[in-house]
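These are my notebook entries on a single protein chain. I looked up its contacts, its surface, its charged pairs and its aromatic rings.

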Amino acid sequence: MDKRTGMKIGLLCVLLGVCSAVKIINLKVPSTYLLDQTSKTPDPLILDCEYEVDESEKGFVLKWLLDGQPVYQWIPSKNPFPFQSFKNRVDTSYVVSQEHLHKHRAMAIIKPLANFTGEYMCIVQTYASIDRKSAKLKIIVRESKFDLSYYLNGDGYITVDCHARDISPLPELQIRINYELFETENLKSVQGENGLYNVSISGRIRKDQLESPAMIECLLSIPETNYNKRRSTTYYGFNATETNGASSSLPVPLRTTTSVLATVVTILLIFTSTLL
C-alpha cells in the first residue's frame with residue numbers, strides 16, 4: 001500500500017470512525033504546573049501520551065499541539081522536532097520508553113513560560129488510522145509579593161489594602177473581616193510586558209463599626225486551580241500613636257516621672273549628709 005492510498009484509507013477511517021489501528025489509551029497532562037522562577041534547574045513539565053499501535057503499521061507520526069498550533073512532532077525514524085515557539089524549550093533527548101514506537105512520545109518542556117498555558121492535544125496517526133485527545137493546562141507563576149495592611153484615615157474611616165505582584169494567570173482577591181466577606185472596590189490589575197499581573201483591592205469601614213480585636217484576612221486564588229494563599233492580621237484599635245495595627249510605646253505618665261525624680265533627690269540628700 002502506497003502513502004497516497006494509506007492517507008485515503010485513513011481519511012475514510014476518520015469520517016466513518018471504524019478503524020482502530022492506533023488508539024490513545026491515556027493522556028497525562030497535569031491541570032496545573034507551578035513555575036518557580038527562583039530555581040535555576042526547575043523540574044521539567046512532562047506531557048505524556050500513551051497509545052496502542054501495531055508494530056506492522058506504516059507511516060506512524062506523533063504530534064503535540066497547543067491551542068491548535070503544532071509545537072512538537074516525532075517520527076520514529078527521525079529525531080524529535082520542537083516547532084519555533086517551543087524551540088530550546090524541549091528536551092529532545094528525553095526518553096519515556098525503550099519501545100521503538102514509544103521512545104519519544106512524551107514532551108519534556110524545560111523552563112516553561114507563562115504563555116504556555118492552554119489546551120494541549122496529542123495526535124497519533126498512521127497511514128490507516130488516527131486518534132487524538134486533549135486536556136487543559138495552566139502554568140502558574142508564583143507571586144513575588146503578597147501583602148495585607150490597614151490604616152486610619154483622617155475622616156474616621158479605616159482603609160484595608162491587599163495587593164499581589166508578578167503573578168499569572170490573573171488571580172482573584174477577597175478581603176474578610178472576622179471570616180465575613182468585606183465589601184471592596186473592584187479588582188485593579190495591570191499586566192506587564194512579561195505577561196505577569198500586579199493586582200490590588202481595597203475597602204473602607206468606619207472606625208466605630210470595627211470592634212477590637214478583629215481578624216482581617218486577604219485570600220488569593222487562581223480560578224479553576226487549587227492554588228490558594230492567605231494573609232492575615234489582627235486589628236486591636238487605634239490610638240494616637242498606632243499605625244498599621246502596630247502599637248508604639250506610650251510616654252511615661254508625668255506623675256510617674258515626678259515620683260522617680262523625688263526618689264533620686266532623696267537618695268542624693270542622704271548620701272550628702274553621710275559624707276558630712
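Entry 1, overall picture. I began with contacts, taken as heavy atoms within 4.5 Å. Of the contacts in the protein with a separation of 6 or more, 60% are between residues 24 or more positions apart. The model is predicted: local features need pLDDT of at least 70 and side-chain atom pairs count only at pLDDT 80 or more, while totals for chains, interfaces and linings use all residues. Residues are numbered from 1 along each chain as its sequence is written, and side-chain values use heavy atoms, with hydrogens and water left out.

I then looked up the secondary structure and found 2 helices and 19 strands. Helices (H or I, at least four residues) and strands (E, at least two) are DSSP runs, numbered from the N terminus.

I noted an accessible surface of about 17100 Å² for the protein, 51% of it belonging to carbon and sulfur atoms. The areas come from the Shrake-Rupley method with a 1.4 Å probe, and for residues only the protein chains shown count as cover. Buried residues make up 34% of the 276 in the protein; buried means under 20% relative accessible area, exposed over 50%, and partly exposed in between (1.4 Å probe, protein chains only).

I searched the whole structure and recorded 9 salt bridges, each a side-chain nitrogen of Lys or Arg within 4 Å of a carboxyl oxygen of Asp or Glu.

I looked at Asp48 and Arg105, whose side chains meet at 2.7 Å, N to O.

I next took Lys229 and Glu143, which form a salt bridge at 2.8 Å, N to O. This pair links distant parts of the chain, 86 residues apart: Lys229 is in strand E17 (residues 228-235), and Glu143 is in the loop between strand E9 (130-141) and strand E10 (145-152). Glu143 has a relative accessible area of 9% and is therefore buried, whereas Lys229, at 24%, is partly exposed.

For Asp208 and Arg206 I noted a salt bridge of 3.3 Å, N to O. Asp208 is exposed at 61% relative accessible area, and Arg206 is partly exposed at 31%.

I took a charge to sit over a ring if NZ of Lys or CZ of Arg is within 6 Å of the ring centre and within 35 degrees of the ring normal. The charged end of Arg206 sits over the ring of Tyr157, 5.4 Å from its centre. The charged end of Arg204 also sits over the ring of Tyr157, at 4.3 Å from the centre.

Entry 5, aromatic rings. I counted 5 aromatic pairs in the structure. Rings of Phe, Tyr and Trp (its six-membered ring) pair if their centres lie within 6.5 Å; planes under 30 degrees apart count as stacked, over 60 as edge-to-face and the rest as tilted.

Phe60 and Trp74 are edge-to-face, 6.4 Å centre to centre with 75° between the planes.
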